[in-house]
Amino acid sequence: MLDKPLSLITGVKDHLEVINLLCSIDENIEVIIVTNNSSEQTERILHKLKFDNFDLKIIKSSASNLGEIKNIGIENSKNNSVFFLDSDCMLKKGILLFLI
C-alpha cells in the first residue's frame, strides 16, 4: 500500500492501448487520462471504463503538444505527487511502491 497519494497522468489520442496500462495498475491511485482530440467513439469507451482499485478521471482536451497535456493533467490532479507514462506502457506488479 502506498504511503502518499499519487496521480498517474497519461495522454491519449484514439489509442485504446491505454486499457492495458489501466489493467496493470495494482495500487489505489488517481489516474488522469487527458484525451487529445480523440474521436467520440474513443471518448465513449474510456468513459465506460470502471476500476475498483483506483479513481479514473478523463479530461477532454484539444492540446497541441505533450507539455500542454501534462500541464492539464497536473492542474486537474488532487495530489502533489504525479508521474507520467505513455498510454501504451504497462506497469510491473508492485512497481508503484518504489516510486514514492
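Reply: Gladly! Helices (H or I, at least four residues) and strands (E, at least two) are DSSP runs, numbered from the N terminus. This is a predicted model, where local features need pLDDT of at least 70, side-chain atom pairs count only at pLDDT 80 or more, and totals for chains, interfaces and linings use all residues. Residues are numbered from 1 along each chain as its sequence is written, and side-chain values use heavy atoms, with hydrogens and water left out.

Me: Where is the place of Ser87?
Reply: Strand S4 covers 81-84. Ser87 has its place in the segment after strand S4.

Me: Is Ser87 buried or exposed?
Reply: Buried means under 20% relative accessible area, exposed over 50%, and partly exposed in between (1.4 Å probe, protein chains only). Ser87 has a relative accessible area of 9%, so the label is buried.

Me: Which residues does Ser87 touch, not counting residues up to four places away in sequence?
Reply: A contact means heavy atoms within 4.5 Å. With residues up to four places away in sequence not counted, Ser87 touches Thr10, Gly11, Val12, His15, Glu17, Val18 and Leu21.

Me: What pattern does the protein chain follow along the sequence?
Reply: The chain has 3 helices and 4 strands. Read along the sequence, they give β-α-β-α-β-α-β.

Me: What is the radius of gyration of the protein chain, and why does it agree with a compact globule?
Reply: The radius is taken over C-alpha atoms, and the globule rule is 2.2 Å times the number of residues to the power 0.38. For 100 residues, a compact globule would come out near 13 Å, so the chain agrees with its value of 13 Å.

Me: Among contacts between residues at least 6 apart in sequence, what share joins residues at least 24 apart?
Reply: This share is for the protein chain, counting contacts between residues at least 6 apart in sequence. Those joining residues at least 24 apart make up 71%.

Me: Where does Lys13 lie, and which residues does it touch beyond four places away in sequence?
Reply: Lys13 lies in the loop between strand S1 (6-12) and helix H1 (18-23). Its C-alpha atom is separated by 5.8 Å from that of Thr35, 22 residues apart along the chain. Leaving out residues up to four places away in sequence, Lys13 touches Asn36, Asn37 and Ser38.

Me: How does Lys13 count by relative accessible area?
Reply: Its relative accessible area is 43%. Lys13 is therefore partly exposed.

Me: What is phi of Asp14?
Reply: Asp14 lies in the loop between S1 and H1, and counts as partly exposed at 35% relative accessibility. Its phi is positive in a residue other than glycine, near 60 degrees.

Me: And what is phi of Asn37?
Reply: Asn37 lies in the loop between strand S2 (30-36) and helix H2 (40-48), and at 43% relative accessibility counts as partly exposed. Although Asn37 is not a glycine, phi is positive, at about 55 degrees.

Me: How many aromatic pairs are there, and why does the pair get its label?
Reply: Rings of Phe, Tyr and Trp (its six-membered ring) pair if their centres lie within 6.5 Å; planes under 30 degrees apart count as stacked, over 60 as edge-to-face and the rest as tilted. By this rule the count is 1 aromatic pair. The rings of Phe51 and Phe54 have centres 4.8 Å apart and planes at 20 degrees, so the pair is stacked.
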